[in-house]
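Let's walk through this one together, question by question. Here is the model to keep in view as you read.

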Amino acid sequence: MTSATSPALRTANERRRVGSIAWHVGALVVLAVVLYPVIWVVGASFKPSKDIIASLDLLPTEPVWANFSGLADGISGIPITSFFTNSLMYAVLAVVGVVLSSSLTAYAFAKIRFAGRNLLFTLMIGTLLLPYHVLLIPQYVLFRNLELTDTLVPLVAGKFLATEAFFVFLMVQFMRGLPKELDEAAKLDGCGHLRTYWSIVLPLSRPAIITSAIFTFINAWNDFMGPLIYLNTPEKYTVSLGLMMFRDQEGISNYGSMIAMSLVALIPVIAFFMAFQRYLIDGMATSGLKG
Amino acid sequence: MTLVKEAPPRPAKKRPAAPAAGRGGRRRENLAGYLFMSPWIAGFLLLTAGPMIASLYYAFTSYNLFTPPQWVGLDNFTTMFQDPRWQKSVEVTLKYVVVATPLKLLLALGVALLLAQKRRGQGLYRAAFYMPSLIGASVSVGFVWRALFSDDAIVDRTQKIFGLDVGGWIGNPDYVIYALVALSIWQFGAPMVIFLAGLKQVPQELYEAAEVDGAGPLRRFWNITLPMISPVLFFNVLLESIHAFQVFGSAYVVSDTRCGPADATLVYTCYLYQKGFKEAQMGFASAMAWTLVIAVALVTAVLFWSQKKWVHYEEAAK
Amino acid sequence: MGTSRNVERRTILKVAGASAATLGLGATTACGGDSGSGDGTVTLRYAWWGGEPRTIAIKKTIALFEKKYPKIKIKPEFTDYEAFWEKFQTQASGGNPPDVFQNAVGFLRKYDKRGVLMDLKAQADAGNLSLENFRNGVLANGQVDGKQIGIPVGANTMALVIDLKAFKKAGVEAKFGWTWDEYFDALQTIQDKLKIAGDTGYFSIMYLYDLYLRQNGKAFFTDSDLGFTEDDLTQWWEDGYKRVRSGLVADPKKVEQVKPKSALSAGLAASEFTWDNFSIRYEGEGESDYGLAPIPTTDGKDTGQYLGSLMLSAFSGTKHPKEVAQFIDFMVHDPEVGKIMGYDRGILATTEQYEAFTPTDDNNKGVKAYEEEVAAAGVLGKITPHPSGTDVIEAAFLRLGGEVAQGKTKPADAAKALFSEAKAAFAG
């Protein structure tokens with residue numbers, strides 16, 4: 001693909017046109033491959049439930065609405081909206097938590113010179129390497145002892161306590177890239193760190209913050225393991241857990257509604273992504289991925 | 001990448017520029033620093049360091065969650081190294097990491113190069129290419145993947161055109177891992193965005209100068225783009241390999257929860273999960289987890305060591 | 001003005017309270033067991049696994065119970081089978097399992113060993129729970145070492161589910177007392193005439209091998225160990241693999257790729273062994289008609305069958321043992337409950353419920369006819385023990401059988417692996 005789209009030389013007009021066509025052809029090929037599975041899922045959601053598993057056709061022979069209309073009845077007496085509200089609550093809290101705690105921590109790393117900073121920074125980076133599973137069991141024991149299972153607390157506590165090192169790192173790098181003159185000017189004006197953080201650094205760090213928010217939202221929305229382990233009451237289940245309730249290893253599974261709901265569940269993530277994606281590149285670009 | 005390069009954020013030479021406020025100022029800075037850091041410190045102690053120490057302890061015990069952990073020394077580790085399923089999971093994971101990571105990065109880089117050009121519809125393509133990453137490892141991905149890689153489905157038919165008749169991949173222990181690899185490649189959105197960010201920062205003047213010198217597109221890619229984005233490439237290699245070592249969700253949904261057939265998609269964390277949460281052998285699972293930590297740390301160290309040879313930190317770009 | 005401000009404040013508080021409640025933040029609702037509120041109302045957590053029809057039915061029975069016992073509130077928790085046991089394990093280890101929960105024979109000793117299960121004898125003696133009127137001796141399914149740690153809600157037994165159309169088309173018939181040879185001959189005829197496999201992979205099902213062993217005077221488990229030798233199992237898997245190679249058993253690659261659908265409903269094979277009350281699944285998934293057929297025998301008579309059970313168990317540490325017992329009593333004896341539940345968890349276990357429910361659909365009728373036929377044939381034996389670790393061994397048996405079928409592991413090696421994994425499972 002890349003060779004097909006050898007950058008057109010600016011000099012020759014003709015080559016530019018060829019380059020342009022090649023570019024669009026290349027992009028369309030990638031698009032077709034990337035979207036094929038997505039179209040399959042959309043197609044499957046209009047197939048009769050019996051036909052979904054192991055079906056080879058991309059599109060249904062005769063589209064049915066039953067999978068979607070079935071959602072209106074809820075699952076096992078729980079309205080579908082309940083799962084969506086819970087997921088939304090989780091995702092929004094996660095975003096708020098990550099943005100607040102990570103930006104505070106990042107500010108300290110980037111803008112305050114305090115004893116032990118380098119050591120703490122190295123420790124923070126080190127936590128990037130930890131597999132989630134190492135911590136899962138002891139964390140579960142901890143929250144269980146605090147009697148906090150079956151609440152959102154275990155799911156979002158880490159977000160409010162800046163344990164997501166990747167985002168802290170992203171913001172640190174971004175804040176370091178901000179012109180030093182700004183916070184020095186603020187200091188001269190008599191602003192303390194809190195003011196500098198809140199009214200200067202935070203607004204300027206918008207791309208990095210939004211980038212973190214996008215990733216956090218997607219991760220929380222798609223999280224399965226966390227809710228599975230911590231939530232017990234079906235009324236508190238998130239979408240990812242709710243989807244599993246269509247499954248029955250010993251009886252009839254409703255794959256139709258399962259796939260329909262997973263499709264509906266995509267809408268909020270796509271909406272969130274679309275609304276903010278233009279910041280994504282900037283957030284990454286200015287976050288010290290430069291040398 | 002900047003991880004360690006800049007780990008001590010500003011090198012010592014900047015020290016003299018420190019606030020002239022003297023000792024009181026420094027104390028105030030320390031206080032402010034730790035106040036700002038307090039959420040992280042609390043999180044680190046409570047949710048990271050504490051649990052880490054606990055799981056390190058469990059790794060040397062026999063612990064079924066119900067009765068208190070019993071110290072068994074190195075037993076978990078010796079059992080683990082001799083366990084054929086553990087060996088299998090290591091083999092599967094390494095295969096996955098080694099095959100999926102480069103392919104995914106190659107595609108992400110290629111597409112990023114494509115999208116870095118200013119063309120109509122560029123933003124739309126970018127959003128569309130990111131779409132698979134939004135879906136994550138949901139059950140519908142499991143369904144579609146199992147369908148696409150079954151007998152006579154599109155992948156099978158396509159490969160038959162090229163004379164490769166191996167049948168569906170999903171039921172075949174020798175091929176199913178490549179269905180997983182394909183899933184990883186399909187979700188190339190995140191590294192693509194990071195590459196795009198890197199490409200955006202390559203100064204245009206460099207290309208213009210090279211063009212004046214008569215360098216063709218390949219030469220320009222090799223001599224300018226690649227060195228200029230090498231820090232970004234390094235960052236992606238690091239991040240994607242760490243993720244690949246920890247892959248779980250996609251193996252779980254693609255194999256219909258069993259990480260099979262015949263343990264062919266038994267990635268490391270899947271076995272860890274089976275041992276810990278299905279069989280309640282928390283000691284064994286913790287030993288597995290710590291072995292993974294050490295392996296990942298080693299890989300990271302090697303990557304950092306290697307970056308001296310191929311990652312260029314251009315002063316100009318700083 | 002003052003009042004309006006009050007109203008405002010109250011609204012705000014209410015909103016705040018509501019949002020805190022939805023967030024699930026200020027709550028220790030997880031511990032429903034503790035919630036004896038001022039007016040003497042008691043809340044019990046009740047958990048089960050199963051699909052939507054089961055959940056909807058159980059919710060109806062809960063409503064009935066709450067009407068009869070207004071002072072007891074039931075808080076339902078439900079998921080699918082896999083998630084249920086993971087969740088249960090983590091909760092129980094934290095001393096926080098549900099007060100009452102659905103249980104199966106394979107988990108009794110495991111959680112008895114861990115002290116999680118209440119001996120319901122005392123409650124029965126106190127008159128809160130009746131142990132009378134259980135059919136066919138299934139009450140024994142809930143007994144371990146003289147303790148009554150589970151109360152059966154239903155009885156089920158292994159069966160052969162067959163594709164009726166395929167069997168008819170091939171002109172073969174499943175007869176009571178048929179031998180394994182006759183069974184495999186029938187599969188051969190199906191394969192010859194219809195070009196589909198006969199079976200979906202019988203040799204990976206632990207509960208079927210158990211029946212085969214029982215037919216031969218052994219059993220899968222003894223009290224604390226495996227009841228057969230490595231050679232026995234090697235033989236069983238070698239035979240199985242031979243039948244995969246010859247096409248009598250469906251190609252494991254194809255069986256794998258139609259999952260989570262069964263290979264029987266996907267039309268890859270004409271029969272599959274499973275528990276009789278799971279048979280409803282095939283109608284829901286497949287295009288053909290399905291029916292229950294007898295288990296093949298070794299001697300032309302004995303199928304080795306027994307009645308298994310789903311049951312209700314109680315947490316040994318519940319704060320409300322009396323209410324728990326009353327709840328279980330209602331759930332297993334009340335005729336209305338029987339009418340609502342039907343045979344979803346097996347043929348109803350008590351005479352009150354059994355008599356209250358008359359199946360009207362083909363599936364339930366089939367299950368009833370099958371169990372009556374089995375009972376009439378006099379082949380039902382006593383259930384053999386299922387030691388702690390049964391669940392882990394069942395999963396290992398399925399996995400290793402699959403490896404044999406795929407030709408990835410030699411039967412002898414697979415048998416060896418099973419024995420070593422079983423050893424660890426018993427110890428756990």
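Q: What share of the contacts in chain C between residues at least 6 apart in sequence join residues at least 24 apart?
A: This is a predicted model, where local features need pLDDT of at least 70, side-chain atom pairs count only at pLDDT 80 or more, and totals for chains, interfaces and linings use all residues. Residues are numbered from 1 along each chain as its sequence is written, while chains are lettered from A and ligands numbered from 1 in the order in which they are written. A contact here has the C-beta atoms of two residues, placed from the backbone, within 7 Å. Of the contacts in chain C between residues at least 6 apart, those joining residues at least 24 apart make up 74%.

Q: Which strands stand at the edges of the open sheet in chain C?
A: The five-strand sheet of chain C is mixed in its pairing and runs β2-β1-β3-β12-β6, where two strands pair if DSSP finds at least two bridges between them. A single partner strand each leaves one side without a neighbour in the sheet, so the edge strands of chain C are β2 (72-79) and β6 (151-152).

Q: At roughly what angle do the axes of α3 (residues 75-82) and α14 (residues 282-310) of chain B cross?
A: Axes are lines fitted to C-alpha atoms, for helices over the stretch in contact, with angles from 0 to 180 degrees between N-to-C directions. These two axes of chain B come within 9 Å. The helices α3(B) and α14(B) are roughly perpendicular (65 to 115 degrees), and their axes cross at roughly 75°.

Q: How many residues of chain B are in contact with chain A?
A: Helix α1 (residues 13-44) of chain A gives the most to the side of chain A that touches chain B, with 13 residues. On the chain A side 85 residues take part, and on the chain B side the number is 84.

Terms used
Helix = DSSP H or I, 4+ residues; strand = E, 2+ residues; numbered from the N terminus. Parallel < 35°, antiparallel > 145°, perpendicular 65-115°, else oblique.
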